[in-house]
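Subject: Structure for your review

Dear colleague,

Please find below the structure I am handing over to you.

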Amino acid sequence: MKCFNHHADDAVGICKICNKALCPSCTTDTGYGLACSASCAAEASNLDEIMRKNKLLLGIGSKRKSIPTGLLMFFFFGIMFSGFGLYMTLAQGRQDYFLLVMGLGFLAIGGLGWWRNRKINLSC
Ligand SMILES: [Zn+2]
Ligand SMILES: [Zn+2]
């Protein structure tokens, strides 16, 4: 394969963004792959940033599985509501269905969200 810009020279690599074959004098090594121009180098670094963030978001490469922050809210509200509801029921002898239903609802939705997140390995 010959260089896209210099038809006499052999290509040594391909631009990561536009897939042009490049000779050594046309190539810039971005650290994430080869690029043919400054704009392709910028695009390659953007692409790398997206990949890096996606990996973090999807928990790729990390062994530790923590509870996502959004779901912590559901569990917090669920425990607060149902805890207070149980306290009202047991200590005060007053059935507070509103608190109990809210608490169980939050816990159920939190659990469902957690299960869904685990299925697609999402960590947010
Ligand atoms: Zn390019
Ligand atoms: Zn060239």
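The domain bounds used here come from an automatic or database domain assignment. For this chain, that assignment gives domain 1 as residues 13-50 and domain 2 as residues 69-119. Taken over C-alpha atoms, the centres of domain 1 and domain 2 are separated by 51 Å. Please bear in mind throughout that this is a predicted model.

I begin with the nonpolar core. The largest one contains eleven residues. The largest share, three residues, is that of H1. As a general point, nonpolar side chains in soluble globular proteins tend to be buried together.

Leaving aside residues up to four places away in sequence, Ile-17 touches Ala-35, Cys-40, Glu-43 and Ala-44.

Helix H1 comes next. With 21 residues, H1 reaches 30 Å from its first C-alpha to its last, close to the 30 Å expected at 1.5 Å a residue. Its buried residues are Cys-40, Ala-41 and Ala-44. They lie on the same side of H1 because the arc they cover around the axis is only 100 degrees. These buried residues pack against strand S3 (28-29) and S4. The face of H1 turned away from the buried side carries exposed residues, among them Glu-49, Ile-50, Lys-53 and Asn-54. Just after H1, Gly-59 has a positive phi of about 70 degrees.

Which residues of H2 are buried? They are Phe-74, Gly-78, Phe-81 and Gly-85. In general, an α-helix has 3.6 residues a turn, so residues three or four places apart point the same way. The partner against which the buried residues of H2 pack is helix H3 (97-119). After H2 comes Gly-93, where phi is again positive, near 70 degrees.

Yours sincerely

Key
Residues are numbered from 1 along each chain as its sequence is written. Chains are lettered from A and ligands numbered from 1 in the order in which they are written. This is a predicted model: local features need pLDDT of at least 70, side-chain atom pairs count only at pLDDT 80 or more; totals for chains, interfaces and linings use all residues. A nonpolar core is a set of buried Ala, Val, Leu, Ile, Met, Phe, Trp, Tyr and Cys residues joined through C-beta atoms within 7 Å. A residue is buried if 20 or more other C-beta atoms lie within 10 Å of its own, exposed if 12 or fewer, and partly exposed in between; C-beta atoms are placed from the backbone. Helices (H or I, at least four residues) and strands (E, at least two) are DSSP runs, numbered from the N terminus. Two residues are in contact if their C-beta atoms, placed from the backbone, lie within 7 Å. The expected span of a helix is 1.5 Å times one less than its number of residues. The arc is that of the directions from the helix axis to the C-beta atoms.
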